[in-house]
Amino acid sequence: MKQTLITLTLTIIAAIGGYIAYPLLHPAPTETAATNDIEIVPAAPSSGESTVDYPHGVNQSDPNNYAQVLQLAKHGNYQAQRNVAWGFAEQPYNGQEKNSVLGCAWYLVVLNSGNPKVDIGDQGNAKVYCGKLDKGLQEAAAMFAQQFLTEIADNTKFGKLD
């Protein structure tokens, strides 16, 4: 399966006319050793705001919720994956640094997620943001995407947070 994902990622990269690269990763969220589950702790709601209105209690448009959005992304949440990619590519959350390689990697994750919501817009995002990178950086992004997909597969053995 791992080889299939790598081949699929590289096929997508070739189809968009390039390859991918390698930046620094942010520290992983705290994991529970016994289950490898990550506890998602929603940010405290502001006055009058209820976390019930947000999937999994996380307001993904709040720039202060990077850690929670990243946790959702690493547990297979399609919109969180798109938001993490956008943050790296264009508009980082507080605590997230702009990083074109990781932006491309997360857009490749979205394309390879198997989510039925993936559409031509996601393909276009991967083409645009991965296409801005030179061959070496595209290769690095593909490697990151593979690492993220492997982590997501481990985290979602019993279902995705979507």
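Predicted model: local features only at pLDDT ≥ 70, side-chain atom pairs only at ≥ 80, totals over all residues.
**Entry 1**

**Entry 2: rings around Y66**

How many aromatic pairs are there? I got a count of six aromatic pairs. I picked out Y66 and F88, whose ring centres are 6.4 Å apart. Their planes stand at 90 degrees, and edge-to-face pairs need over 60, so this pair is edge-to-face. I noted that the pair links distant parts of the chain, with Y66 in helix α2 and F88 in helix α3, 22 residues apart.

Next I turned to Y66 and Y93, with ring centres 6.1 Å apart and planes at 35 degrees. An angle under 30 degrees would count as stacked and one over 60 as edge-to-face, so I wrote this pair down as tilted. Y93 sits in the loop between α3 and α4, while Y66 lies in α2, so the pair ties together parts that are 27 residues apart in sequence. I could then note Y66, F88 and Y93 as one aromatic cluster.

**Entry 3: α2 against α3**

I found that the axes of α2 (residues 66-73) and α3 (residues 78-89) come within 8 Å and cross at roughly 125 degrees. That angle makes α2 oblique to α3. The crossing is left-handed.

Which residues of α2 and α3 meet? On the α2 side I listed Y66, V69, L70, L72 and A73, and on the α3 side A80, Q81, N83, V84 and F88. Sorted by class, this contact has eight nonpolar and two polar residues, and no charged ones.

**Entry 4: α3 against α5**

I followed α3 on to helix α5 (residues 120-131), where the axes are 12 Å apart and the packing angle is about 25 degrees. Angles under 35 degrees count as roughly parallel, so α3 and α5 are roughly parallel to each other. α3 passes α5 in a left-handed crossing.

Here I saw Y78, R82, W86 and A89 of α3 meeting D122, N125 and Y129 of α5. By class, I noted four nonpolar residues, one polar and two charged in the contact of α3 with α5.

Methods. Residues numbered from 1 in each chain as written. Heavy atoms only, no water. Axes fitted to C-alpha atoms, helices over the stretch in contact; angles between N-to-C directions. Helix = DSSP H or I, 4+ residues; strand = E, 2+ residues; numbered from the N terminus. Parallel < 35°, antiparallel > 145°, perpendicular 65-115°, else oblique. Left-handed = near helix turned anticlockwise from the far one by under 90°. Contact = heavy atoms within 4.5 Å. Nonpolar A, V, L, I, M, F, W, Y, C, P; charged D, E, K, R; others polar. Phe/Tyr/Trp six-rings, centres within 6.5 Å; stacked < 30°, edge-to-face > 60°.
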